[in-house]
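Good morning, and thank you for making the time. I would like to take you through one structure, beginning with a single residue and moving on to the wider packing.

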Amino acid sequence: GGDGSANDKDTNERSIKAFINAGIDVFVWIFARQGRALQESLGYKRFIDMGAKGAIINAEFEFQKASAIDARFLVDSIRNAGVGWVAHAPPDYAGSADMDPWNTLDEACDAVMPQVYAWEHNDSGHVSHLNAVKARYLAKGTPIEKVWPILCSYRPKTRGFDPKTSKALSTPTMQQEAQRVALDLIAGLEHEWVKSSQAPSIYSLDAVTFINGKDDQVVRALS
């Protein structure tokens, strides 16, 4: 839905009503910035007033230095703006570390949706990363029934950075990439943790297109 409360131009009253009319519930996702709690809470309220059902806080590395007080204030501000259901979607390994702000967000939110973007890390696949991230949440004591992982639908064009130049490194080529990404996504969806989740999630159908190219090879492989 935006970044730091700035509305995404495609998330508006018209699009939200179109989703609702199609039988799709809308839960708005806004990128969180430290110190922007009040602005972000008002951003969520605008979308709730348009018909959205809840908020998903996208607190990534830009929010990592926030304190427990910051995290609690963000969730409380969103709830005080009239949002009844609030989740957060942290980076997989950072969010599953036993530390704040993640621990406070885990406790204060109704659900935790870690972004288990396997291909962003390496080529070991979703099952490997799902097992690792689940073990980390279990180890720190987050109720696992509250943790609903998000899977990744693409293998990125770049991965990591050159330590000398800070330039993004091209992801190594892979034979039968579209088919392997598709099969890995299916394996992720069949994982016991994902199947037991209340909201099995994928980022995202449009990401298949803009990262893997206009031919939608992964979508065709899935079909």
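This is a predicted model: local features need pLDDT of at least 70, side-chain atom pairs count only at pLDDT 80 or more; totals for chains, interfaces and linings use all residues.

Let me begin with Ser-166, which is exposed, with a relative accessible area of 55%. The terms here are as follows: buried means under 20% relative accessible area, exposed means over 50%, and partly exposed lies in between, with a 1.4 Å probe and protein chains only. Ser-166 sits in the loop between β8 (158-161) and β9 (168-170). Helices (H or I, at least four residues) and strands (E, at least two) are DSSP runs, numbered from the N terminus.

Residues are numbered from 1 along each chain as its sequence is written, and side-chain values use heavy atoms, with hydrogens and water left out.

Now to the backbone. Most residues other than glycine have a negative phi, and most peptide bonds are trans. Ser-166, however, has a positive phi, near 65°. Gln-176, also not a glycine, has a positive phi of about 50°. Gln-176 is placed in the loop between β9 and α8 (177-189), and at 59% relative accessibility it is exposed.

Which peptide bonds are cis? One runs from Asp-100 to Pro-101, with omega near 10°. Pro-101 belongs to the loop between α4 (92-95) and α5. Another cis bond joins Tyr-203 and Ser-204, where omega is about -20°; Ser-204 lies in the loop between β10 and α10 (205-212).

I turn next to the aromatic rings. The structure holds 4 aromatic pairs. Rings of Phe, Tyr and Trp (its six-membered ring) pair if their centres lie within 6.5 Å; planes under 30 degrees apart count as stacked, over 60 as edge-to-face and the rest as tilted. The rings of Trp-85 and Trp-148 are stacked, because their centres are 6.0 Å apart and their planes are at 20°. Trp-85 lies in the loop between α3 (68-80) and β5 (86-88), and Trp-148 in the loop between α7 (126-140) and β7 (150-152), so this pair ties together parts that are 63 residues apart in sequence. Trp-85 is partly exposed, at 24%, whereas Trp-148 is buried, at 8%.

A further stacked pair is formed by Tyr-117 and Tyr-203, with ring centres 5.6 Å apart and planes at 25°. This pair also links distant parts of the chain: Tyr-117 is in the loop between β6 (111-112) and α6 (118-121), and Tyr-203 is in strand β10 (residues 201-203), 86 residues apart. Tyr-117 is buried, with 10% relative accessibility, while Tyr-203 is partly exposed, at 31%.

Leaving aside residues up to four places away in sequence, Pro-149 touches several residues, including Pro-114, Leu-130 and Trp-193. Contact means heavy atoms within 4.5 Å.

Let us move to the interior. A nonpolar core is a set of buried Ala, Val, Leu, Ile, Met, Phe, Trp, Tyr and Cys residues joined through side-chain atoms within 4.5 Å. The largest such core has 26 residues, and Tyr-44, Ile-57, Phe-63 and Ile-78 have the most contacts inside it. Two or more residues come from each of β3 (27-31), α2 (37-49), β4 (54-58), α3 and α5 (102-108). The element that gives the most to this core is α3, with 4 residues. A second, separate core of 12 residues includes Ala-89, Met-113, Tyr-154 and Ile-211.

Finally, how do α2 and α3 pack? Their axes are 8 Å apart, at an angle of about 30°. Axes are lines fitted to C-alpha atoms, for helices over the stretch in contact, and angles run from 0 to 180 degrees between N-to-C directions. In this contact, Ala-37, Leu-38, Glu-40, Ser-41 and Tyr-44 of α2 meet Phe-73, Leu-74, Ser-77 and Ile-78 of α3. Thank you for your attention.
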